[in-house]
Amino acid sequence: MINGRKVVAWTPFGRELSVSILVEYIRRDVERGLIDEYVLYMNVGDGQESDQAYGYALAEKYPWIRVIERPMRHPGPIQRSTGYFYRYAIEPETVYIRLDDDIVYLHESAVENLVNKRIETPYPTAIFATTWNNSIVSWFAQQAGVIPREFGEVGGPYC
């Protein structure tokens, strides 16, 4: 809990390898009292049975981890299915922080900074840092001149 707000970190889950690293940072912040719950929002595809089993094993190991199965798959790219999570982000005094499943480092101030920024700007449902490896963000950053075109042209705002 931070500033009287419950904090739920959540991950659109599909990668055991990187989440096995991320979960250690989550555990650190749970032990520090910064994160109250961690949700693994299952967003796996065909052939990811071992990833899915790992997510459920984590939930059995840690009482602060909960698994939510997505209610349906978006007909487009699998990444679009992550938006269905917000159907579960309904507790008004809770701050939801999205942490993508390929994050392998979480600065010790990251959660507190994100929660405080969310409290300062109360209108969003959730908050998350810029995901630099995301092609949508990279496209917008290139349009704004943050990523030079000499590095290569981002084809469009699509994953």
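**Exercise 1.** Which residues does Asp101 touch, not counting residues up to four places away in sequence?

*Solution.* The model is predicted: local features need pLDDT of at least 70, side-chain atom pairs count only at pLDDT 80 or more, and totals for chains, interfaces and linings use all residues. Residues are numbered from 1 along each chain as its sequence is written, and side-chain values use heavy atoms, with hydrogens and water left out.

Step 1. Take contact as heavy atoms within 4.5 Å.
Step 2. With that sequence exclusion, Asp101 touches Thr11, Pro12, Phe13, Gly14, Arg15, Ser18 and Val19.

**Exercise 2.** Locate Asp101 and decide whether Asp101 is buried or exposed.

*Solution.* Step 1. Asp101 sits in the loop between strand S4 (94-98) and helix H3 (110-120); helices (H or I, at least four residues) and strands (E, at least two) are DSSP runs, numbered from the N terminus.
Step 1. Buried means under 20% relative accessible area, exposed over 50%, partly exposed in between (1.4 Å probe, protein chains only).
Step 2. Asp101 has a relative accessible area of 10%, so Asp101 is buried.

**Exercise 3.** Which backbone nitrogen lies 2.9 Å from a polar atom of the Asp101 side chain?

*Solution.* Step 1. That backbone nitrogen belongs to Gly14.
Step 1. The Asp101 side chain also reaches the backbone nitrogen of Arg15, at 3.3 Å.

Technical notes: A polar contact is a pair of N or O atoms within 3.5 Å; within protein, one must be able to donate a hydrogen and the other to accept it, and residues adjacent in sequence count only if both atoms are side-chain atoms.
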